[in-house]
Amino acid sequence: MTQVTIIHNPRCSKSRQTLALLEENGITPTVIEYLKTPMSIEEITSVFKKLNVESVRQMMRIKEPEYKDANLINADDDHTLLQAMVTTPKLIERPIVINGERARIGRPPENVLEIV
């Protein structure tokens, strides 16, 4: 059986709700507190591919001041955006649940049930 992982921020209500939803469904995920344990560019790139979204921006918190401050709105390549999430993990949308080769963003939390 594949291990389920949650990229988690315990200070985020949606992240806490998603973790609770997994546990209510009998799933005890590996918890990665990405603000304490930053992800590498390889890890973030892997998550992006598993999310199966069209744009890296879909896994970013584009309303954060750091996004604007870094002028990422004008970034025209994925590598710049991915590197920004390595440098500033706060820009990673949360929570993200990973199960094998699939991942979903838990907004709303029920989204993650599609892959577990």
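Are glutamate 64 and arginine 61 buried or exposed? Both residues are buried, where buried denotes a relative accessible area under 20%, exposed one over 50%, and partly exposed a value in between (1.4 Å probe, protein chains only). The model is a predicted one, in which local features need pLDDT of at least 70 and side-chain atom pairs count only at pLDDT 80 or more, whereas totals for chains, interfaces and linings use all residues. Residues are numbered from 1 along each chain as its sequence is written, and side-chain values rest on heavy atoms, with hydrogens and water left out.

A search of the whole structure returns 7 salt bridges, a salt bridge being a side-chain nitrogen of Lys or Arg within 4 Å of a carboxyl oxygen of Asp or Glu. Glutamate 64 is paired in this way with arginine 61, with 3.1 Å between the closest N and O atoms. Lysine 90 also forms a salt bridge with glutamate 64, the closest N and O atoms lying 3.4 Å apart. This second pair links distant parts of the chain, since lysine 90 belongs to the loop between α4 (78-87) and β3 (96-99) and glutamate 64 to the loop between α2 (41-51) and α3 (65-69), 26 residues apart. Helices (H or I, at least four residues) and strands (E, at least two) are here DSSP runs, numbered from the N terminus.

Glutamate 93 is buried, with a relative accessible area of 14%, and arginine 107 is partly exposed at 33% relative accessibility. Through shared partners, salt bridges join Arg61, Glu64, Glu66, Lys90, Glu93 and Arg107 into one network.

Two packed helices are described by the angle between their axes and the distance between the axes. The axes of α2 and α4 come within 9 Å and cross at roughly 120°, the axes being lines fitted to C-alpha atoms over the stretch in contact, with angles running from 0 to 180 degrees between N-to-C directions. On the side of α2, the contact is made by Ile41, Ile44, Thr45 and Phe48, and on the side of α4 by Asp78, His79, Leu82, Gln83, Met85 and Val86, contact meaning heavy atoms within 4.5 Å.

Within α2, Ile41, Ile44, Val47, Phe48, Lys50 and Leu51 are buried, and the buried residues of this helix pack against β1 (4-8), α4, β3 and β4. The largest nonpolar core contains 24 residues, and those with the most contacts inside it are Val47, Val56, Met59, Met60, Leu72, Met85 and Ile96. Such a core is a set of buried Ala, Val, Leu, Ile, Met, Phe, Trp, Tyr and Cys residues joined through side-chain atoms within 4.5 Å. The elements contributing two or more residues to this core are α2, α4, β3 and β4, and the largest share, 5 residues, comes from α2. When residues up to four places away in sequence are not counted, isoleucine 96 touches Thr5, Ile6, Ile7, Val47, Leu51, Met59, Ala103, Arg104 and Ile105. A second, separate core of 8 residues includes Val4, Leu22, Ile27 and Ile115.

Asparagine 52, which follows α2, has a positive phi near 55° and is exposed, with a relative accessible area of 69%.

Asparagine 9 lies in the loop between β1 and α1 and is buried, with a relative accessible area of 8%. Excluding residues up to four places away in sequence, asparagine 9 touches Ser15, Tyr34, Leu35 and Arg94.
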